[in-house]
Amino acid sequence: QHLSSISRATLARMLKSSRQVRRKRTTWPKKASYIKSQIPIKSYEWQEKRPGALEIDLVEHNGGSSIGHFAYTLSVVDVVTGYSRRRAVLGRGQIGVHKEIKRIVFEWPYAIWGIHTDNGSEFLSAHVLKYCEQNCFQFTRSRPYKKNDSPHVEQKNFQHVRCLVGYERFDTLEQVEWLNTLYEQYDRYVNLFQPSRKLVSKERHGSRVKKGYDTAKTPLKRALEAGVVAKETADKYQKLYHSLNPLKLHQQVEQLLTQRFTTNTEVTPLEKKRVGTD
């Protein structure tokens, strides 16, 4: 009866008084913001001398379109020795990426002490943060949109991923399995037989920078000379080194690439050049 007879002015007056006593809602910090606050922004010094500092990044295999589900390559490199590993994963879910990081670190030939990533949500997760805390790893991240904070892994992304498999789209479990089979052979060839030079000095003369490099060595040799590889592990890799033929290993990599690309109807010019079908 009161509702049917109440005037609009009385109703407005009652609503106004109810708004004044309304409690202010408490806002809680978002989980992502909390995790970011636990991971400091930092980058490794270019003259870092202690092996075990890893830079980690993801490389997309979307074929030029980010629509749908597709594969990524998890690229990991030591900034001191140049030792690197790669693993393919379908999608960039936090659990899947964390699983591959654990696998790569477990198979690393020597102990690591630091992990550096970009600001992707696949890395800045509670899984990776807890994993680093449990193993006493120094977990750091780059500044947003600053690729130069991870120069070593960015270089390997082009040299050992793009120049190897190109920019084709991979979006099936079979293709991810093929990528991991390819990386297993290719990583052996790169780490055991492919030497590279390391930057040791930089001198600025006006607007120019003169850089000095050391003698070219393989990543495995750098790690052995640094004395960070345990004796049993060093003996294991030495036996592996003497049991492999670099030419045959390179031919196996080329054969895997040829078998994969010849089954595709569309092949990019870079892939044609690599497999010799252009």
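**Cores.** I looked up the largest nonpolar core first, and it has 53 residues. L74, I101 and V165 have the most contacts inside it. Such a core joins buried Ala, Val, Leu, Ile, Met, Phe, Trp, Tyr and Cys residues through side-chain atoms within 4.5 Å. Buried means under 20% relative accessible area with a 1.4 Å probe, protein chains only. Helix α7, residues 173-193, gives the most to this core, with ten residues. I also found a second, separate core of five residues, including A53, V79, V80 and W113.

**Model.** This is a predicted model: local features need pLDDT of at least 70, side-chain atom pairs 80 or more, while totals for chains, interfaces and linings use all residues. Residues are numbered from 1 along each chain, and side-chain values use heavy atoms, without hydrogens and water.

**Largest pocket.** I noted a volume of about 620 Å³. By class, I read eight nonpolar, eight polar and ten charged residues in the lining of the largest pocket.

**Second largest pocket.** Here the volume is about 500 Å³. The second largest pocket has 20 lining residues, and D57, L58, D118, K147 and E154 lie nearest its centre. β1 (53-61) and α6 each give two or more residues to this lining. β1 gives the most, with four.

Key: Buried < 20%, exposed > 50% of the residue type's maximum accessible area, 1.4 Å probe, protein only. 1 Å grid on protein atoms, 1.4 Å probe; cavity = no way out; pocket = protein on both sides within 12 Å on 5 of 7 lines; lining within 4 Å. Points joined across faces, edges and corners; volume = space filled by probe spheres on them. Nonpolar A, V, L, I, M, F, W, Y, C, P; charged D, E, K, R; others polar.
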